[in-house]
Amino acid sequence: MEIRKPAVAGTFYPDNKSELQEVINTHLNENQTNFSAENIFGIVAPHAGYVYSGGTAASVYNLLKGKTYSTVIVVSPSHRAFFHGISIYQGDAYETPLGIVEVDKELREKISQSDSEIEISDLGHGKEHALEVQLPFLQTVLPEFKLLPIVIGDQSGAHVYNLAKKLSEFHSKDILIVASSDLSHFYTREKADEIDGIIERHINNFDFEQLQADLEIRKCEACGGGGIVALMKAAKECGYNKSKVLQHTDSGDINGDTNEVVGYLSAVIYD
C-alpha cells in the first residue's frame, strides 16, 4: 500500500496516540454546543496547531457524534506547493497516530474522470498540514469511514466552481465534506475582526458567490476560502441552503498577543 505518513504529528498535534486522544477529547468536552442539525452536508474547520484552533474545530466536530458516513471528503488549500487545478491523492491511505484511513478509490475515479483540472497525484499532499489535522478529529467522532483527500492548488473561481460541480454530481447522504480553512493572518485583533467578520456574515447568509467575489478582491482573507465556497456551492446544488458559524476565535485568545493574530472559525452546512 502507498500510505501518506503523518507530516505534522509532533508539531501541530501530539504524535503519541494516547496523548493525542486525550487532547482531542478535552477539546470536545470543553467546546460543547446547544446547536444541532440532523442532516449535515459539510463543515468548515480550522487547521492551525491544536493548541490554537483545536477548540474551535471541536465545536463543529461535536455535531458529528452519533452520525455515520461512508466517505469523508476533506478539501484543503495548498500551503507549500502552487499548482494549477486540483489534486486528489494517488495513494491508498492516509495515516495518523490514531490509525490508517483508506482512500475511497471508486469516488476518486468518478470525480476525476474526464476532467483535466482534477488530477490523481501527490501534488500538494506531501507536507500539507491543513488536510492532515482534520483526520484525528474525524477518527475520534466517527466510526469507520473512507477518505477522499483533495488539495486545491489554484483557488480561482473557475477551479472552485468546477470542484463544486463535481462534488454535487456524486454526492449522497452518506458523504460528508470538510472544508479546511483558517482566516486572516497577522493583523491586529481589531482589523482581523473586521475582515474576518465579512467571511462570517457570508457564511451565515449562505452567500458563497459574494464570498468568492470578496476573496478575489482581497476584501477578506481565508487560506482555504476556495474550499469553503466549493462546499457551499455544492450544498446549494444538492438542495441544502442553511449554514451557521458556531465559533469564531483567534490566536490571541491563547497566547495573549492581539497585535498579530490568526483568525479561526467553525461552521456547519445543513438543511
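This is a predicted model: local features need pLDDT of at least 70, side-chain atom pairs count only at pLDDT 80 or more; totals for chains, interfaces and linings use all residues.

Reader: What percentage of the residues is buried?
Author: Buried means under 20% relative accessible area. The count runs over the 271 residues in the chain. The buried share is 59%.

Reader: Why does the radius of gyration agree with a compact globule?
Author: The C-alpha trace spans about 45 × 45 × 35 Å along its principal axes. For 271 residues, a compact globule would have a radius of gyration near 18 Å. The chain agrees with that because its own value is 17 Å.

Reader: How many helices and strands does the chain have?
Author: The tally covers the secondary structure of the chain. It comes to ten helices and twelve strands.

Reader: Do β5 and β6 pair in the parallel or antiparallel sense?
Author: Strand β5 covers residues 93-96, and strand β6 covers residues 99-102. A hairpin joins them through two residues. Four bridges link the pair, and the sense is antiparallel.

Reader: Which residue in β6 is the bridge partner of T96?
Author: T96 falls within β5, residues 93-96. Its bridge partner lies in β6. That partner is G99.

Reader: How far apart are the mean positions of the positive and negative charges?
Author: Lys and Arg count as positive, Asp and Glu as negative. The chain has 23 positive and 39 negative charges. Their mean positions are apart by 4 Å.

Technical notes
Residues are numbered from 1 along each chain as its sequence is written. Side-chain values use heavy atoms; hydrogens and water are left out. Two strands pair if DSSP finds at least two bridges between them. The radius of gyration is taken over C-alpha atoms; the globule rule is 2.2 Å times the number of residues to the power 0.38. Buried means under 20% relative accessible area, exposed over 50%, partly exposed in between (1.4 Å probe, protein chains only). The place of a charge is taken as NZ of Lys, CZ of Arg, CG of Asp or CD of Glu.
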